[in-house]
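Here is a short briefing for a first look at this structure. Keep the sequence and the 3D view open while you read.

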Amino acid sequence: MPEPIFKRLCLIGIGLIGSSIALRAKRDGLAETIVISTRRKETLKRAEELGLGDQYTDQISEAVAGADCVILCTPVGTCAAIAERMAPHLADGVIVSDVGSVKRSVVEQIKPHLSKTAHLVPGHPIAGTEESGPDAGFATLFDNRWCLLTPETGTSPDAVMKIRKFWEAMGSMVDEMDPDHHDRVLAVTSHIPHLIAYNIVGTASDLEEVSQSEVIKFSASGFRDFTRIAASDPVMWRDVFLHNKDAVLEMLGRFSEDLSALQKAVRWGDGDLLQEHFTKTREIRRGIIDAGQETDAPNFGRGQTDET
Ligand code: NAP
């Protein structure tokens, strides 16, 4: 087994992402000790039953004390409150990271609370499922998935290198980018697709002329794929939209314009435009499959670890 990357790794929040990190870190000996902390006693108890860590506490102060790496694995809206509570108890030289799906807001929430001796290296593994909670995790969730790091210029290169090494050991491919750029890219590749899924599933279930049972009974594959995405954790996704408002609204503006163009093509029977558009989008899916980020297996690779 390779040398552990961290002596005392503290995971705050032990849902899908936290438990997947814990399982992989334990499996491959990436930390000498894994400390798990979460808000609700039931969740902490379940994490212990599952053997996800070595130590368990609902006291953040106790959890972070002496840790050389703390990773926040909670909804993005919780970061400021957690950072404020943990800051006085952090060890000198600690690396503070997170897994949040939005990055600028996370930096703004955590940074003001950290002392100069702490190194903030935010991260976002682009891997997930629509499941949540400590039972949902699995050690291979991050295999062959990207993990994006968004450290600010001037962050200790050693700290960035350690987090990079950690995510590579999780099975991920790692890239670095500016937090604002991250938020714009993810707005279009992940956040807006979720909003569309939440919207279409809501619209279908609200339609008066189509009964609920018909929606379920005759759900075609396109709609079924949307329902999978729309089953994602409501709190996590509420926080994503509250904390990536600007980028989402900007990209949504573009999306609405493009949708209007398609609407016009449908109205005027412009088959050429529709076919040309659908041919282009088909190529994009082929590109994603070629890049190893999706399978061309039937059923749209359902069961794969899609970023949600
Ligand atoms: P999850 O399964 O719902 O787990 C969330 C965890 O956060 C639970 O342990 C929960 O603890 C804890 N928590 C919730 N509210 C809290 C609060 N106010 N204070 C302290 N702890 C709190 O969520 P997840 O899917 O692992 O997502 C965690 C983070 O990963 C989010 O920031 C999300 O944006 C990011 N992410 C998710 C995905 C995905 O596909 N799911 C992918 C990439 C990144 P209790 O049960 O004790 O309340």
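The axes of α7 and helix α9 (residues 221-230) come within 8 Å and cross at roughly 115 degrees. Axes here are lines fitted to C-alpha atoms, for helices over the stretch in contact, and angles run from 0 to 180 degrees between N-to-C directions. This is a predicted model: local features need pLDDT of at least 70, side-chain atom pairs count only at pLDDT 80 or more, and totals for chains, interfaces and linings use all residues. Residues are numbered from 1 along each chain as its sequence is written, and side-chain values use heavy atoms, with hydrogens and water left out.

**α7 with α9**

- α7 and α9 are therefore roughly perpendicular to each other (65 to 115 degrees).
- Their crossing is left-handed (the near helix is turned anticlockwise from the far one by less than a right angle; clockwise is right-handed).
- On the α7 side, the contact (heavy atoms within 4.5 Å) is made by His194, Ile196, Ala197, Tyr198, Ile200, Val201 and Ala204.
- On the α9 side, Phe223, Phe226, Thr227, Ile229 and Ala230 take part.
- By class, this contact has ten nonpolar, two polar and no charged residues.
- Ala, Val, Leu, Ile, Met, Phe, Trp, Tyr, Cys and Pro count as nonpolar, Asp, Glu, Lys and Arg as charged, and the others, Gly among them, as polar.
- Helices (H or I, at least four residues) and strands (E, at least two) are DSSP runs, numbered from the N terminus.

**α7 with α11**

- The axes of α7 (residues 179-206) and α11 (residues 245-267) come within 9 Å, crossing at roughly 70 degrees.
- That makes α7 roughly perpendicular to α11.
- The crossing of α7 and α11 is right-handed.
- Residues of α7 in this contact include Asp183, Arg184 and His191, and those of α11 include Glu250, Met251 and Phe255.
- The contact of α7 with α11 divides into ten nonpolar, one polar and three charged residues.

**Cysteines**

- The count is zero disulfides (pairs of cysteine sulfur atoms within 2.5 Å).
- For Cys69, the nearest cysteine sulfur is that of Cys10, 8.7 Å away.
- Cys69 is buried, at 0% relative accessible area (buried is under 20%, exposed over 50%, partly exposed in between; 1.4 Å probe, protein chains only).
- For Cys79, the nearest cysteine sulfur is that of Cys73, 9.9 Å away.
- Cys79 is buried at 1% relative accessibility.

**Asn144**

- Asn144 is not a glycine, yet has a positive phi of about 60 degrees.
- Most residues other than glycine have a negative phi.
- Asn144 sits in the loop between β7 (123-125) and β8 (146-149).
- Asn144 is partly exposed, with a relative accessible area of 41%.

Notes: Angles under 35 degrees count as roughly parallel, over 145 as roughly antiparallel, 65 to 115 as roughly perpendicular and the rest as oblique.
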